[in-house]
Amino acid sequence: MSLAKYRHAFVLGLQGNLVYRWNFAVRASFSVLHLAYVFILWGAAFSGQESLAGFNLGQTLTYFVTILVLQFFISAMNEDFEVSEEIRNGLINQFLLKPINYFAYRFSLFVSARLVSGALALLPLLLVLPLLWPYLQYPTHGWTYLAAVPALILSACLQFTLAYCFGLLTFWFLEIQSFVILSLAVETMLGGQVFPLDLLPAPLYEISSYLPYYYQMYFPAALLTGRIASPEAALQGLGIQLFWVLALYGFAQLLWTRGLRRHTAVGG
Amino acid sequence: MRAAQYLRIWLAGARYSVVRTLMFRGDFIMWSLVELFWMGVNLGLIGVIYQHTESIAGWGPWEMTILVGTSLLVQRLLMGFFWTNLFEMGRNVRSGAFDFFLAQPGPVLFMASTRKIDLDGFLNAPIALGVVLYAVHQLGLSPTALQWATYAGMILCGLAIHYATLLFFISLVFWIQSAKGVEGGYFGLNEFSRLPREALRGIAAVVFVYALPLVVVTNVPAQTLRHGIQGSQALWLGGATVLWLSLAIIAFHRGLRRYTSASS
């Protein structure tokens, strides 16, 4: 399989996303607003006590700053709607006639989009960094960062593949927006974006650690912020994360082949 | 135009929206679930934090639930009455489709703001109110009929403030051609309405309590149920309502003068 065509798709994606640089910058600026809310809420919750569930205020705020950065580097943003649009408008037909793998093509575009959105998200964060700096507390042991690299890559794959699956639902449903927003609510909660999942009661935390949402955002963020305490736990997490990536990829392939059987390409 | 005529026009729009919603029942159920889930996310956050602490800025778990429930109630009403209309306004101005409203036999702002209603927003409003009632019950409070009436009036003020701030920012589309990002900005700002007033200090208090009435919209009604009616607070909320409605209406009409229709 030649990779040149996907490299071209990646470069085109970079150029296309740079056109929308202001949209990303505005979105990132609003995220700083969210960060202000998080600081005020958790600052008030910590008032009068040193720690919550074994973590101090600095560690908790570091977690939320990390989550915010990761959202722009590895989250799927519009990929589900883009796949859906291409199916609904018939644009997908061109890919059926060419020697190109649609999943790989979309993944190339996803990587380029996240590079642009991630880089732009850093700008407003750099502006407020002097305010954040006194709170940031990252772990000092090297193994967390070693484990975080594959965890971040697998998280990005998981995020993209899930969004891709939602996009493919357009083969069956004309409108997927409600599915996507409903899933987003679940992902936001069970992915640890609203609160660190280790604040859940132990049995619920245990259950959540077997769900794919845990590995979308919480797992890499927890590694990077020292909330996963041992290399053994990190390895086990990486294993489950890999399983979910492969399972979702298999499901995406199934949706693609089944969906194409229903698809009707019309027009000249 | 008389009030009865406004009501008749609004009812015609509402009837059209209901019929349209019932044509897409599956979509309606899904969107109702979406809103219910997001309400659950907000309440879930409060539930988890109070597993580990007894107070947030002096507010206990059920007091905080009244605050969050009030915020959700105002937001559901905004979704039900105005959300779709205001966001379509941004798109319509850009595309020129706003001509449609200029040709209507009624005030442009009224016609553009009330054409559609969203039933899923309304469906979840009683659930948000139920959350408030349950928290009031848990706290053992017994608000008087006057307190409830004042609370209802304050919720309407909150709805007017949210409508006005959204209209104000959407009206910028007359100048900048695109209102993209306003949605994210609205939800970002609305998060502050779920914070107790006492949690905000310094510049955050200046911005989110005094300059933008986000915290007032929810804290004043919640305090009315907790501690009774406080005249100065009610006046503050009423004043903020008049101020923001005036600002939004002026911004909209100033912007409308710049609008060039699609047919020109």
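Q: How is relative accessibility read, and what does Ala53(A) count as?
A: A residue is buried under 20% relative accessible area, exposed over 50% and partly exposed in between, with a 1.4 Å probe and protein chains only. Ala53(A) has 36% relative accessibility, so Ala53(A) counts as partly exposed. This is a predicted model in which local features need pLDDT of at least 70, side-chain atom pairs count only at pLDDT 80 or more, and totals for chains, interfaces and linings use all residues, while side-chain values use heavy atoms, with hydrogens and water left out. Residues are numbered from 1 along each chain as its sequence is written, and chains are lettered from A and ligands numbered from 1 in the order in which they are written.

Q: Where is Ala53(A) found?
A: Helices (H or I, at least four residues) and strands (E, at least two) are DSSP runs, numbered from the N terminus. Ala53(A) is in the loop between strand 1 (51-52) and strand 2 (55-56) of chain A. Its phi is positive, about 50°, although Ala53(A) is not a glycine.

Q: What is the phi of Ala57(B), and where does this residue sit?
A: Ala57(B) has a positive phi of about 50° and is not a glycine. The loop that holds Ala57(B) runs between helix 2 (25-49) and helix 3 of chain B. Ala57(B) has a relative accessible area of 22%, so it is partly exposed.

Q: How do I read the packing of two helices, and at what angle do helix 2 and helix 3 of chain A cross?
A: Axes are lines fitted to C-alpha atoms, for helices over the stretch in contact, and angles run from 0 to 180 degrees between N-to-C directions. The axes of helix 2 (residues 21-46) and helix 3 (residues 57-74) of chain A cross at roughly 160° and come within 10 Å. Angles under 35 degrees count as roughly parallel, over 145 as roughly antiparallel, 65 to 115 as roughly perpendicular and the rest as oblique. Helix 2 and helix 3 of chain A are therefore roughly antiparallel to each other.

Q: Is the crossing of helix 2 and helix 3 of chain A left-handed or right-handed?
A: A crossing is left-handed if the near helix is turned anticlockwise from the far one by less than a right angle, and right-handed if clockwise. For helix 2 and helix 3 of chain A the crossing is right-handed.

Q: Which residues of helix 2 and helix 3 of chain A meet?
A: Contact means heavy atoms within 4.5 Å. From helix 2 of chain A, the residues that meet helix 3 include Phe24(A), Ser31(A), Leu35(A) and Trp42(A), and from helix 3 of chain A they include Leu61(A), Phe64(A), Leu68(A) and Phe72(A). The residues of this contact of helix 2 with helix 3 of chain A divide into 13 nonpolar, 3 polar and 1 charged. Here Ala, Val, Leu, Ile, Met, Phe, Trp, Tyr, Cys and Pro count as nonpolar, Asp, Glu, Lys and Arg as charged, and the others, Gly among them, as polar.

Q: What does Ser31(A) touch?
A: Not counting residues up to four places away in sequence, Ser31(A) touches Leu68(A) and Phe72(A). Ser31(A) lies in helix 2 of chain A and is buried, with a relative accessible area of 11%.

Q: How does helix 3 of chain A pack with helix 10 of chain A?
A: The axes of helix 3 and helix 10 (residues 212-224) of chain A come within 9 Å and cross at roughly 130°. These two helices of chain A, helix 3 and helix 10, are therefore oblique to each other. Helix 3 of chain A passes helix 10 of chain A in a right-handed crossing. By class, the contact of helix 3 with helix 10 of chain A has 9 nonpolar, 3 polar and no charged residues.

Q: At what angle do helix 3 and helix 11 of chain B pack?
A: Helix 3 (residues 61-95) and helix 11 (residues 214-227) of chain B pack at about 130°, and their axes are 9 Å apart. That makes helix 3 of chain B oblique to helix 11 of chain B. The crossing of helix 3 and helix 11 of chain B is right-handed. Their contact, helix 3 with helix 11 of chain B, has 7 nonpolar, 4 polar and 2 charged residues.

Q: What does Leu154(A) touch?
A: Leu154(A) is in helix 7 (residues 142-168) of chain A. Leaving out residues up to four places away in sequence, Leu154(A) touches Leu238(A), Gln241(A), Leu242(A) and Val245(A). Leu154(A) is buried, with a relative accessible area of 14%.

Q: How is an interface read, and what area is buried between chain B and chain A?
A: The accessible area lost when the parts come together is often given as the size of an interface. Buried area is the accessible area (1.4 Å probe) that two parts lose on being put together, summed over both. Between chain B and chain A about 2,800 Å² is buried, of which carbon and sulfur atoms give 79%. In chain B, Trp38(B), Leu45(B) and His52(B) lose the most area to chain A, together 20% of what that side buries. The contact joins 34 residues of chain B and 31 residues of chain A.
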